[in-house]
Amino acid sequence: METMESIETPAIAARHPLDIPAGVIRRLQARLKRSVKGRDEVIDLILIALMADGHVLLEDYPGSGKTTLAKTLGESIIDDVEEDEIPSFRRIQFTPDLLPSDITGVSVFDVDSASFHFRRGPIFAYVVLGDEINRTSPKVQSAMLEAMAEKQVTVDNVSYPLNDLFFVIATQNPLDLAGTFPLPVAQLDRFLFKVRMDYIAREAEIDVVNNRILGNPVREEDLPKVRRGEIVDARRAMEEHVKVNAHVSTCLVDIARSIRANPKVMQGISTRSLVLMVPALKAAALMRGRDYVTDDDVKWLAPYVFSHRLSLAPGVVEPHAVVKECSKEAVEALSRATLK
Amino acid sequence: MLSKLKHVLWVFSGALIWSASLGVLCSQRSPMALSILAAVTAGLVGAASGFFLARSRLRLAGLWLGAAALIALVCALISFARNTTLFSVVLGPSLLFSLSEACGWLLVPWILVAVLRASTQRQSAFVVLEVGAVGLVLSSIFAGHRDGFINRPFFLVDPLFGAGWDPTPVFLGLGALVGVVLIGLMASLSAQRRSFLDLFLLMVLIFGCFLFVPVARLKDFQGKQLHGGTGDLKLPGDGTGEGQGGQGGSQGQQGGSQGGSQGQQGGSQGGGQGQQGGAQSGGQGGQGGQGGEQQQGQDGQSQQTDELKFSDRQEQEKDSPVAVVIFRDDYEPPGGVYYFRQDAFSVYNGTKLVRDASGKFDRDALNDFPTRATPVDVPELRDFRFFSETDKPRVGSLDPTAFKQLETTVALIAEHSRPFGLNNPVSFAPRSNPDPSKFQRAYSVTSMVVTKPYKEILQYQPGNPSWDQETWDHYLAAPRDPRYAKLAEEILQTLPEEYRDIPMARVIAIKLWMEKNCIYSLTTKHNASDTPVESFLFGDRTGYCVFLGHSAAYLYRTLGIPARVCHGYAVEAAQRGGGSSLLIRSKNAHEWAEVYLDGLGWTDMDISPERTLEKPQEQVDQSLQQMMGELARKDPEDPPPDDKPRQDLQEILRKLALALLKAFPWCFLAVLAGLYGIKIYRRTRPYFAPDARLPVVVYRATLDKLADRGLLRTKGETRGEFARRLSSLCPSFAELTERHLEHALGPGARPSNRQRYLQLMQETTRQAERHASFGRKLLFILNPISWWWVK
């Protein structure tokens, strides 16, 4: 077995710069999976979005565990900068009568100092759960989306930067659309992923119910948490050390071109979406213990990243299927390229 | 909606094409309004049925089998209805006939069209069959136009000629029309795109048909013409005989192209008929006593003599010149008589010898005038033609020392139905008519003429060693009458003892005996007999050449010597008088017996009786002969005879196909070797590849080995997914895949460990074939193209 000793392991070697980000992901994964059952892929996608500095739009029905998910994520992050008074987790329930200032915060007059003080809104948090984002007015939506894009809010001509680790999990109900303001494609573009959550598997559901009946709520307290700074460092390390081959970028462009050429698509995906895809791919690779992106990652993420950025032709209802169909050739070419 | 309408329109146009071509075909084959209506309906209904059949649950094979069974049933039913007295009594024969014809024309095409169209709709490649079928139907109508006969088919060209029009543009237009129709049919079958495969299949179909359809046989086949309104096509076996000869004769004398060619058609038709009803016609034709047909034979006129007629009185009409033969070289026949063979009769039908209609025997007599240089299709003569001094003669080929090549030009004064030439013609070639006001046509014949004196004939053996049993039986078929054998035995008794075992001596003995004991007379009384030849030979032995020839041939055959009777002209050599031209008169018409000798071929063994009841023939006017010869020779613009053998396209293609077939195994082996070479190269490459390439070549070799076992990455499956799919079977493969991907997509070069890679490859292979038996492993190794699918 001498030979075995001398061989480098295919996974990341010890004291590799990617050890830290990998560990961050592992710890978060463990905590989330402990508290939310049967949502492994959604958890993975959310973590990827977190690592890739993107935001997630969950499309699901009430009571599917998204608050638990977002809350657990927020609680898993140790606020290592106590002095900024930014909480780990905030939830905003969007309603039609909400005003932008309700989420960004407002300047109030302090009688003591006879001056205006900015009172931060709920958006100043590491993890923000925006529940039913399509129920609120476009004005609020745009304020929210500006915050997501710019990582800052502007109140009374003063810009207040948000934390580096500003991560939004928005939800919307796919049914019950009466009185809603559906997000236009341009705004959907701000989200890295749009994830459709289906009902969880039978076993997982039994598990959830049993936990409640037996009074044995899941305790994730004993699992290690992650410090805020670690996540920010992990992002930087990932950006630096996970390799994206030229074949992969070719593949992404080919997918985009194929989608644009498809007659089922009215408006194809933007170049920005390809740029956003790269960190997501890196995070996915990292999550799978690799320091390079493969065809597997592209195939996995392409539908989640691209399908909400398309306008489909009338009569076509399955954006995932369209993206899969369009990416098949390009991914196959990427797979074949490895033997060249 | 619009596309659906378009589709329906196309389908309908296909139905129209079918119904039109069936109608046209029917109008040729069964020209009755009811039949044509039935055929047209069959096309439409068949196409519609095909449309629905294609949507049924029946399988294609079932469709075809069912159709075959149905067609057989329909044919059986129609034949039953025709042969049952009840129906003919109830309906009357003519109504029954037209009804049954119409039924046949309705049902059979209906079934065929339905099945063809259904097949095409199921499987687009069947379009080839359909287009082929319509093409065949349409081209069969113009089949008479083959070989550039501008005056055929008659039904089309005769009216045009009558109106003074040139038929060429009509033919070109019709050809183009047929092309358009076929393209329309092809387009009508499906709105989907036509693949190149169809085109290829069509070409293969045509090529295959061309290879395997015997074109030479087809040439002798003439379309069945039912509407012979003029009555000149009465069958020879027609017992009434009343006025037939005269009518035929007058027809013949009209001479025009129509009479000639129709006579020819009647000829081939009558060939079969004569064979069937020959016994009857032999006796009854004689009873008719008209003798007209014989007269035509004498005349050498256009009416065909498929069989030689026996009659009581051979008509002697005025002696007229029929042809001029110009000898290109001096030649004196050893027997003193030039025999110009026009026709040969060798099929014994119970009474007499008739022409062979199968095309297998007597191929040295041509059926048509040559339109280009035509070699005679007889093996020994063909050999002769290409025989050179150095070649060793084959078994059964002719003795080169016994012959010399002689070219003759024949200018016909009277219309003939087929060309004649001296014995053993090797090739015929057309010549331009030297003087159309005097001559009907001209052609040249190259013959191998015998130069050996007759006395040397004794050394030759009868028959040909290369003949098969069928040929022997054919040329030895003789009457079973025991009197022949008895007579032959008697004649042989006159032969000296030492010659009795020499076959040719026996032949000559018979010839001499007959010459001594028969009397030549144009008047006989043997026709009343059912067996005219026996009546002659065992009676008063008084008769003319037909009787003499037949008797001699039967006696020769009784002795086991292959013999036949030939028809043509016999002219005394002395008549030529040293000049180069020979005038043939109608009185030179003759029938004689021939025997086949190994090395000499067919040799005349004519009987010229010592005693004759007829006046001696008048001598020909030498100056007339000279003058006609000069006229016939006046052809300065004649191109030199095309001596090249005709390039037979079919033969060339057949050779090509054969060569391809022969080359195929080698090509196949070469391709196989190439495939194995690539397989081995890809497999052994890991052992000598540079380190930088190692992850790729090792991975490829592993994939090849997995592909041998049918484990292939499906399209759209990523490398990782494939490895996960195989993880339970080959756990090592996952690591190998990871290493490979890391090399291909990972962050730059890392040291690759050759040993570990090879180990992983071997482990994966071992795991993959863990459960395979030895036989299967062998199969894995032998599969030459498994690597092809590795991507």
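Hi everyone, let's start with a cysteine: B:Cys75 counts as partly exposed because its relative accessibility is 42%. Here "buried" means under 20% relative accessible area, "exposed" means over 50%, and "partly exposed" is in between, with a 1.4 Å probe and protein chains only. B:Cys566, by contrast, counts as buried, because its relative accessibility is 0%.

As a reminder, a disulfide is a covalent bond between the sulfur atoms of two cysteines.

A word on the background. This is a predicted model, where local features need pLDDT of at least 70, side-chain atom pairs count only at pLDDT 80 or more, and totals for chains, interfaces and linings use all residues. Residues are numbered from 1 along each chain as its sequence is written, chains are lettered from A and ligands numbered from 1 in the order in which they are written, and side-chain values use heavy atoms, with hydrogens and water left out.

Now for the chains. Chain A comes to 13 helices and 13 strands, while chain B comes to 27 helices and 16 strands. These are DSSP runs, numbered from the N terminus: helices are H or I with at least four residues, strands are E with at least two. Of the 340 residues in chain A, 53% are buried; of the 791 in chain B, 47% are. Chain A has an accessible surface of about 16000 Å², with 53% belonging to carbon and sulfur atoms. For chain B that surface is about 38900 Å², with 62% from carbon and sulfur. These areas come from the Shrake-Rupley method with a 1.4 Å probe, and for residues only the protein chains shown count as cover.

Let's zoom in on helix H2 of chain B, residues 33-55. Its 23 residues reach 34 Å from first C-alpha to last, close to the 33 Å expected at 1.5 Å a residue; that expected span is 1.5 Å times one less than the number of residues. Its buried residues include B:Ala38, B:Ala42, B:Gly46 and B:Gly50. An α-helix has 3.6 residues a turn, so residues three or four places apart point the same way.

B:Pro731 counts as partly exposed because its relative accessibility is 46%. Which residues does B:Pro731 touch, not counting those up to four places away in sequence? They are B:Leu726 and B:Gln767, where contact means heavy atoms within 4.5 Å. B:Gln767 is 36 residues away along the chain, yet the two C-alpha atoms are separated by 7.9 Å.
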